Amino acid sequence: MRITVVGCSGSYPGPDSPASCYLVEHDDAASRTWRALFDLGSGSLGALQRYVDPLAVDAVFVSHLHPDHCADLCGYYVLRAYHPDGAQPRLPVWGPDGTAERMAAAYGLPADPGMSSVFDFLTLGESVAVGPFTIEPVPVVHPVPAYGFRVVAGGRTFAYSGDTGPCEGLDDLATGADLLLAEASFRSGDDNPPDLHLTGADCGRAAAHGNSGRLVLTHVPPWYDPALAVAEAKEQFAGEIDLAVAGARFDV
């Protein structure tokens, strides 16, 4: 698998990156490249076009319905609905219950039909297959219904935390992951609210307990120095640690 960081800024777009969006690619036995997006947050659709034709995406997975993870579905709707190449096949979009209604409201559309002419909205639950990918949604803790994802292809496992506090779901995501992409929005030592976000130390502990092969920290808000998150993680995890930056690519 190839992971491209389209956007990684925490909570809102920063000066160097859009909000959350990750492109995952894998070639099948016939050398056909399959592409799935994990989140499409504020500002990410523009950046996505640096790496791939948006019409070449096979599926979108939305971790939760905060704008920094889903807002650019509105622009994606326009791109696919009115593209000069004509009508596009309906694109599967897996998200929490209510995703279709939330996105219709965000664009000022009636709930019925909403964006259903462009997107086939599906509710996260059981594992699903998209080409060579098997994607398992894992519930995590956050103020709204939220999921992380385990993605398996070619015998390798990529795990993405979405937004979460420390929880059993995070531990499940990290267990045996070849690459764990985990959000590090908070700093240890601050008076952080519970069940909201992770610190770099939380990410490192999860990677260590789950015996993850590699840890990539993401979703650091622009007001914090990401080097602190990396330093915290290194105190907990002896494996390879990287920081997500816009445009970074990782092979899994």
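**View 1. Ser 31 sits in the loop between strand E2 (21–27) and strand E3 (33–38).** Helices (H or I, at least four residues) and strands (E, at least two) are DSSP runs, numbered from the N terminus. The model is predicted: local features need pLDDT of at least 70, side-chain atom pairs count only at pLDDT 80 or more, and totals for chains, interfaces and linings use all residues. Residues are numbered from 1 along each chain as its sequence is written, and side-chain values use heavy atoms, without hydrogens or water. Ser 31 is not a glycine, yet its phi is positive, about 65 degrees. Most residues other than glycine have a negative phi. Ser 31 is exposed, with a relative accessible area of 60%. (Buried means under 20% relative accessible area, exposed over 50%, partly exposed in between, with a 1.4 Å probe and protein chains only.)

**View 2. Asp 195 lies in the loop between strand E11 (179–183) and helix H6 (200–209).** Its phi is near 55 degrees, a positive value in a residue other than glycine. Asp 195 counts as partly exposed, at 45% relative accessibility.

**View 3. A cis peptide bond runs from Asp 112 to Pro 113.** Omega is near 15 degrees. Most peptide bonds are trans. Pro 113 belongs to the loop between helix H4 (99–107) and strand E6 (119–123).

**View 4. The largest nonpolar core has 30 residues.** Such a core is a set of buried Ala, Val, Leu, Ile, Met, Phe, Trp, Tyr and Cys residues joined through side-chain atoms within 4.5 Å. Those with the most contacts inside it are Met 1, Phe 38, Phe 61, Phe 133, Ile 135, Phe 149 and Phe 158. Strand E9 (residues 146–153) gives the largest share of this core, 4 residues. Apart from it lies another core, of 27 residues, among them Cys 21, Leu 55, Leu 79 and Val 118.

**View 5. Ile 135 and its contacts.** Neighbours within four places in sequence are left aside. Contact means heavy atoms within 4.5 Å. The partners of Ile 135 include Phe 38, Phe 61, Val 128, Phe 149 and Val 151. Glu 126 and Arg 150 are also among them.

**View 6. The UniProt record lists residues 18–219 as "domain: Metallo-beta-lactamase", in an unreviewed entry.** UniProt positions are given in the numbering used here, feature names are shortened, and annotations may be inferred rather than shown by experiment. Over residues 18–219 the chain is 22% helix and 30% strand. The end C-alpha atoms are 10 Å apart.
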